[in-house]
Amino acid sequence: MNPGIGYTALALVSAATLLIGFYGLRISRTTSDFYVASRTVKPWWNASAIGGEYLSAASFLGVAGLIVASGVDALWFPIGYTAGYLMLLLFVAAPLRRSGAYTVPDFAHARLESLPVRRLTSLLVIAIGWLYIVPQLHGAALTMRITTGLPAEIGCLVVTGVVCLSVVTGGMRSITFVQAFQYWLKLVAIAVPVLFILFRLAGDGPPGADGAQLLAEALDAETHAPLYRNVSLSIALLCGTLGLPHVLVRFYTNPDGASARRTTLIVLGLLSLFYIFPITFGVLGRIYAPDLAGGAADATVLLLPGRVFDGASGDLLAALVTAGAFAAFLSTSSGLAVSLAGVISQEFFRGSVRGFRLSAVLAAVVPLVIALLTESSALAGSIGTVFAFTASTLCPLLVLGIWWRRLTAHGAGAGMLTGALLCGGAMLASAVLPRIGADTPAWIEQPAAWTVPAAFAVTVLVSRLTAGSAPGGAAKFLARLHTPEPLGPCPAGSRFRGR
């Protein structure tokens, strides 16, 4: 690949991100602007921004790579990523918006009236955010090495630098504009090459006799992974979406609960549209570049246009997908940095704008160090483990906190600790066992099928045993969460005003 393609794409995407971020600085004046964009983001803007930050390296590069490596079995990832938003729509979106909180720890504190639970929730949100940013930096390293030939570490440094600048300058309002732009850039960047390759395939047919055979193997229903793996992965993706901090913070930016529900519906459509193309990219990769399945599957989206087209057309398409890849790394990392900065600032810097900016730098630099010290694994698979951890920790807190009046602080804390220890132990075992030459059992590799029920069960059991410690304001708080907003403008002085 021509290195000039990578340099140009990186420069253009970074420049556009910073320019839009600086524009957001002009209209970011208050603390509320930095944390939740003053709760004035309309559904279409917010949905585009959610799509921008949610479609990460795992979506842009990893889904196609998994399909190249394992065939239709990888379809559980885009299905789970999208269906998770249906769970958000049904159980979380509108009530969470009505809570009036800035962050997930704010919600936990308001619901349970417990400072220790708030602290524990904050630590989990920070851990989840850092775990999620690391694969984005690994994806940036891979893209930088393939497209420019520069050391992979440069990609991590560039993404971290751009994220810090864009988040520090404008906060949530600025990042909303950036991420909305980046969703549509990613959609165009992955859709246009797919369409061109499909036209070539329709005109010229598969490349040799093996093409049709590879396609048949990719769609072979007999090659599915064991049932346990698919069920556990589905639980992780469906329940994990409910607790992703960078997604949840987006619902605090809607004007009201109805807007939060509309936002979620639009997001479902945008994600469904997008995932058509990485899936198709993966199938085309099995036809045109089956050799990538041997260890370079995550590079399929980056390399395939140059494999199919020669000359300027191949270079232009490669430049487009490179720009989309960098947009994926930047948008997801920016969203995570904003959500983590909000939590860190609230807990350690008293929620000031200056504290938010310091927290944003800390939120980006720590995962940079981790990424530089670790090796990249399959992007979609590594994100799947983060979903499992999130589903085992924050999901029980949110679902039961919104829908079960008897939840206590002791129950919520015990459930989150149980999920963190069980799922974290499984993640550690999955990393260690291959290094000592041992096989990793399926129940360790995909732990959500037992860690999520265990976390829910412990939460319910301990809450029942400590029923006497239930917060006195729980009934009033739940009434706020589940009472629809008035139709039409709120009168002055209404308790719903500004919620």
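This dialogue goes through how to read several features of a predicted model.

User: What should be known about the model before reading it?

Analyst: It is a predicted model, in which local features need pLDDT of at least 70, side-chain atom pairs count only at pLDDT 80 or more, and totals for chains, interfaces and linings use all residues. Residues are numbered from 1 along each chain as its sequence is written, and side-chain values use heavy atoms, with hydrogens and water left out.

User: What is the mean pLDDT of the protein chain, and which elements have the lowest and highest values?

Analyst: pLDDT is the predictor's confidence in each residue, from 0 to 100. The protein chain has a mean of 82, and 85% of its residues reach 70 or more. Among its elements, helix α2 (residues 31–36) has the lowest mean pLDDT, 52, and helix α20 (residues 448–465) has the highest, 96.

User: Where does pLDDT stay under 50?

Analyst: Over residues 487–499, for which the model has 16 contacts beyond four places in sequence. Contact means heavy atoms within 4.5 Å. Where pLDDT is low, the predicted coordinates should not be read in detail.

User: How many helices and strands are there in the protein chain?

Analyst: Both are DSSP runs numbered from the N terminus: helices are H or I with at least four residues, strands are E with at least two. The protein chain has 21 helices and 0 strands. Of contacts between residues at least 6 apart in sequence, 85% join residues at least 24 apart.

User: How is the length of a helix checked, for instance in α16?

Analyst: The expected span is 1.5 Å times one less than the number of residues. Helix α16 (residues 353–373) has 21 residues and should span 30 Å; the distance between its end C-alpha atoms is 31 Å, which agrees. Helix α3 (residues 43–54) has 12 residues and reaches 16 Å from first C-alpha to last, close to the 16 Å expected.

User: How do α7 and α21 pack?

Analyst: Axes are lines fitted to C-alpha atoms, for helices over the stretch in contact, and angles run from 0 to 180 degrees between N-to-C directions. Under 35 degrees counts as roughly parallel, over 145 as roughly antiparallel, 65 to 115 as roughly perpendicular and the rest as oblique. Helix α7 (residues 104–112) and helix α21 (residues 474–482) pack at about 130°, with axes 8 Å apart, which makes α7 oblique to α21. F107, A110 and R111 of α7 make the contact with A474, F477, L478 and L481 of α21.

User: What is the make-up of that contact by class?

Analyst: Ala, Val, Leu, Ile, Met, Phe, Trp, Tyr, Cys and Pro count as nonpolar, Asp, Glu, Lys and Arg as charged, and the others, Gly among them, as polar. The contact of α7 with α21 has 6 nonpolar, no polar and 1 charged residues.

User: What is the angle between α14 and α15?

Analyst: Helix α14 (residues 300–308) and helix α15 (residues 311–348) pack at about 170°, with axes 8 Å apart; they are therefore roughly antiparallel. V301, L302 and P305 in α14 meet G314, L317, A318, V321, T322 and A325 in α15. These residues divide into 7 nonpolar, 2 polar and no charged.

User: What does I197 contact?

Analyst: I197 lies in helix α9 (residues 152–204) and is buried at 0% relative accessibility. Leaving aside neighbours within four places in sequence, I197 is in contact with F281, L284, Y288, L304, V308 and F309. I197 and F309 are 112 residues apart in sequence and 8.4 Å apart in space, C-alpha to C-alpha.

User: Is Q182 buried or exposed?

Analyst: Q182, in helix α9, counts as buried at 0% relative accessibility. Beyond four places in sequence, Q182 is in contact with T17, A327, L330 and S331.

User: What is the phi of E113?

Analyst: E113 has a positive phi of about 55° although it is not a glycine. E113 is in the loop between α7 and α8 and is partly exposed, with a relative accessible area of 49%.

Key. Buried means under 20% relative accessible area, exposed over 50%, partly exposed in between (1.4 Å probe, protein chains only).
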